[in-house]
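Please have a look at the picture first, and then we will go through it together.

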Amino acid sequence: MNVKKMTNYTDNVKAQKLWKTLYLCAKESPTRRFHALYDKIYSPDTLREAWQRVKRKRGSSGVDGQTIEEIVEEYGEDQFLDELYIELKEKNYHPSPVLRTYILKDNGKNRPLGIPTIKDRVAQMATKMVIEPIFEADFHDCSFGFRPKRNAHQAMARIRKASKKGFWVVDVDIQGYFDNINQDKLMKLVEQRINDRRVLKLIRKWLKAGIMEEGNVRNPLTGTPQGGVISPLLANIYLDTMDQLWEKKFKHLGEITRYADDLVIMCRTKQQALESIRAIKGIMMKLDLTLNTEKSKLVNLWNDEDGFDFLGFHNRKLPYQKKGGWTIYAMSHFPKQEAMKKMRAKIKAFTEPRSKLHMDLHELVEGLNRRLQGFKNYYRLSPASKKWLNRIDWYVLKRLALFNNKKRQRRTLHGHLDEVEKQIQHKLVRLAD
C-alpha cells in the first residue's frame, strides 16, 4: 500500500473536516461514546497530516536514535508512513520506551521529560487528531493550556477580568502532577467518551511503554510522561474532572483559571479563599493528587503590597491616578524575575560565542530579532511591563556593544554604546516599544 502524497500545508482539508464532524457529534450528545475511531487513526490522510505536524515541530530522537532528518533524507517519508500504516492496521504496533531527559526549570531544579521515538510521536499525533475534538466538546471555559485556539494571554485576560471583583487569590501548585496521574482513573475518564477497544488499548500501551534512563527501562505504575505528544491532552482529560466539580459545586467561592496543571482561584473574600483551598484539597484527594503546600500560596490583592506568579508573569494590582485625584488599583502583568533571568541567559548565549565574531553586526541583530520578537509578543501584555522590558533592551544593547568591541579588538567591554546604537537604529526589535 502506498500512502498518498498530499500538499504540505498547515491543516489539510480532510483533517479539518474530520475534526469538525467529531466535535459537533460530541457537542450534540454529551453522553455519546464513540466506537468506530481506530480506522480513522491509521487512515493515510491522518498519518500524513500527523507526520507533517511532527516534522514541523522537529525535536530530537527517541531511544532508537532515528531523527526526522534521517527519515526525510535517507529512509524516505513514504516508506516510513507505509510501515506505520501496516503496523497500526494489522495491530502489530508496539511503542518503544520514552527516553528520559531533563530540562532546567526557573527554580534551578530539573524537570523530567520523556521523549518518544519519531514513529511513536506520529502515532500519538494521529490519535490526538482523532480523539481531541471529542473531549474538546466537554472541556470547560476555565481551561486554556494545550487546547486549540486557546493560549496563555486569554488565561491572563480572564484573571484580569476576575480581579475587578476578586481581592484574594489562591495560587495552587500540584505536587508532581504528570508523574502522579492515576492511570486506571485516567482510562476510566477516557472510556466515558471512547468505546473503541482498539483505541483504548493503544493509549494503554503508551502509558505502559516505560521510561529508559541510563540504559535501564522502568515501568512506573502512575503518571504519563511529560513530553509525549498525547500527554497534554490526557492531562487535560484528567483535570477536567476538577473543572467540572468546581463548576457544579464550588463556583460560588471564586473563579478558577487553569493552564494545564497551573491554576489560580480569584475570590472576593478571605473566607471564600480558605474554603476554596479545602475544596481543592478534597477534589485532589479524589484524583489521587497532592497540593504542594510549599509552592501554593494565599495572596491578598487589595493593594500593591503582594502579587502572584502565573505563566511567566508576575501579577499585581498597581496604583493608577485618575482624573480628579482618584487612585485605582488595576491588575498588571510583567515578567517575573525568573523569566527576566531566562531572557538574559538566552540573549547572552546567542551573542557570546566567539565563533560569531566573523558575522556583521547587522547579521547578528537579524538573528537576535527573532528571539526578541518572541519575548515581545508574549511579555508586552500590559503597560506595566514596559519598565521591566526596558531593562532587557538595555541589556541587549550592552551585549551588542561587547560583541562589537570584541570584533574590533578593543579592550573596553561595554564602551561605544552610542556607536552601536547608531549602527542598528530602527533595525533592532525593542521590547518596550
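Let me begin with an open sheet of three strands, in the order E9-E10-E11 and with antiparallel pairing, where strands (E) are DSSP runs of at least two residues, numbered from the N terminus, and two strands pair if DSSP finds at least two bridges between them. Strand E9 (307–310) and E11 stand at the edges with a single partner strand each, so one side of each has no neighbour in the sheet. This is a predicted model, in which local features need pLDDT of at least 70 and side-chain atom pairs count only at pLDDT 80 or more, while totals for chains, interfaces and linings use all residues. Residues are numbered from 1 along each chain as its sequence is written, and side-chain values use heavy atoms, leaving out hydrogens and water.

Strand E10, residues 313–321, pairs with E11 in the antiparallel sense over nine bridges, and the bridge partner of His314 in E11 is Phe334.

Within E11, which covers residues 327–335, we find His333. Is His333 buried or exposed? His333 is buried, with a relative accessible area of 0%, where buried means under 20%, exposed over 50% and partly exposed in between, using a 1.4 Å probe and protein chains only. Beyond its neighbours within four places in sequence, His333 is in contact (heavy atoms within 4.5 Å) with residues including Met156, Arg160, Leu381 and Ser385.

Methods: Helix = DSSP H or I, 4+ residues; strand = E, 2+ residues; numbered from the N terminus.
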